[in-house]
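Here is a briefing on one structure, for a reader who wants the packing details. Look at the sequence and model first.

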Amino acid sequence: MSTNCDLPPHLRLQSLEFLIESAHELEVTPLVKYTALSLFADRFFRSFSRFVGQKNQRNLLLQSITESNLQLFALISLWISSKMHDSRPLSVKTLKILSHKTIKEQHFTTRDFLEAEVVFLQVLNYEIGAGNIVFKFLEDLLDQFREVAKVGELVKFEACMDIMDLLYEKEETSILYSSPYSLAASILVASYVITVPNRRWKFPVLAWVKFATSFKEEDIVEIVRDILKHVFEPIDKRCKVMEEKTFF
């Protein structure tokens with residue numbers, strides 16, 4: 001599905017991979033990382049194409065889109081997210097050091113970072129709320145699940161985050177983030193399928209998700225199948241076994 005952006009797919013993938021790698025390099029918290037991904041992938045990509053290449057566009061960062069400019073905006077999204085969530089947010093100095101090490105095509109100054117932040121906020125229309133992100137919904141759901149079922153301890157949150165990264169990186173699945181709460185519920189079920197041993201598949205996870213979220217089971221099943229199709233390419237035997245289980 002289209003993300004309503006004229007950005008070439010390879011540039012989109014490269015910039016998202018750069019954001020994820022930068023988040024790991026900077027050792028930011030998962031909340032900072034996924035808020036940045038939400039700002040950058042869900043909103044920036046869907047809005048900035050209308051600014052690019054305009055004849056009256058004075059900002060060099062938006063006159064044309066290059067890989068290095070997108071990498072700069074990826075760092076800006078991490079910077080804004082860090083300022084939202086951290087008591088000691090990332091500094092421009094830290095971001096500059098990382099950019100000098102990882103962005104080979106262009107050398108960005110402190111002024112470039114400050115200017116890019118203004119541009120980023122302009123593209124987002126200065127709306128940077130972060131309450132409606134998949135990570136927070138998923139974290140809450142998993143906590144609830146672990147309170148009601150011992151098997152919830154077997155669901156690896158690392159697997160949940162790997163799935164979130166993969167769905168962001170694939171343009172055709174990034175559209176799923178437009179419904180963050182249902183996607184969070186579906187990622188929980190998919191992670192249950194992937195990380196919990198088959199012999200422990202006894203808890204009625206779909207029925208619980210329906211109870212906890214009020215979503216229809218068939219809607220969750222459809223999203224979970226889509227997730228597993230992309231996690232396992234080609235689909236392996238575990239997906240086929242999963243479909244035979246009564247909870248599905």
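**Core, aromatic cluster and helix packing**

The largest nonpolar core has 81 residues, and Phe44, Phe145 and Ile187 have the most contacts inside it. Such a core is a set of buried Ala, Val, Leu, Ile, Met, Phe, Trp, Tyr and Cys residues joined through side-chain atoms within 4.5 Å. Buried means under 20% relative accessible area, exposed over 50%, and partly exposed in between (1.4 Å probe, protein chains only).

The model is predicted: local features need pLDDT of at least 70, side-chain atom pairs count only at pLDDT 80 or more, and totals for chains, interfaces and linings use all residues. Residues are numbered from 1 along each chain as its sequence is written, and side-chain values use heavy atoms, with hydrogens and water left out.

**Phe44 and the aromatic rings**

- Not counting residues up to four places away in sequence, Phe44 touches Leu39, Leu70, Phe73, Phe120, Val123 and Leu124; contact means heavy atoms within 4.5 Å.
- The whole structure holds 14 aromatic pairs. Rings of Phe, Tyr and Trp (its six-membered ring) pair if their centres lie within 6.5 Å; planes under 30 degrees apart count as stacked, over 60 as edge-to-face and the rest as tilted.
- Phe44 and Phe73 form a tilted pair, 4.9 Å centre to centre with 45 degrees between the planes. Phe44 lies in helix α2 and Phe73 in helix α4 (residues 67–85), so this pair ties together parts 29 residues apart in sequence. Both Phe44 and Phe73 are buried.
- Phe44 and Phe120 have ring centres 4.9 Å apart and planes at 5 degrees, so that pair is stacked. It links Phe44 in helix α2 with Phe120 in helix α6 (residues 110–123), 76 residues apart.
- One aromatic cluster is formed by Phe40, Phe44, Phe45, Phe73 and Phe120.

**Helix α7**

- Helix α7 (residues 134–148) has 15 residues and spans 21 Å from first C-alpha to last, close to the 21 Å expected at 1.5 Å a residue. The expected span is 1.5 Å times one less than the number of residues. Helices are DSSP runs (H or I, at least four residues), numbered from the N terminus.
- Its buried residues are Val134, Phe135, Leu138, Leu141, Leu142 and Phe145. Down the axis of α7 they fall within an arc of 130 degrees, so they line one face of the helix. The arc is taken over directions from the helix axis to the C-beta atoms.
- Their cover includes α2 (30–47), α8 (157–169), α10 (180–195) and α11 (205–213).

**Ser186**

- Ser186 lies in helix α10 and counts as buried, at 0% relative accessibility.
- Leaving aside neighbours within four places in sequence, Ser186 contacts Ile220, Ile223, Val224 and Ile227.

Conventions: Helices (H or I, at least four residues) and strands (E, at least two) are DSSP runs, numbered from the N terminus.
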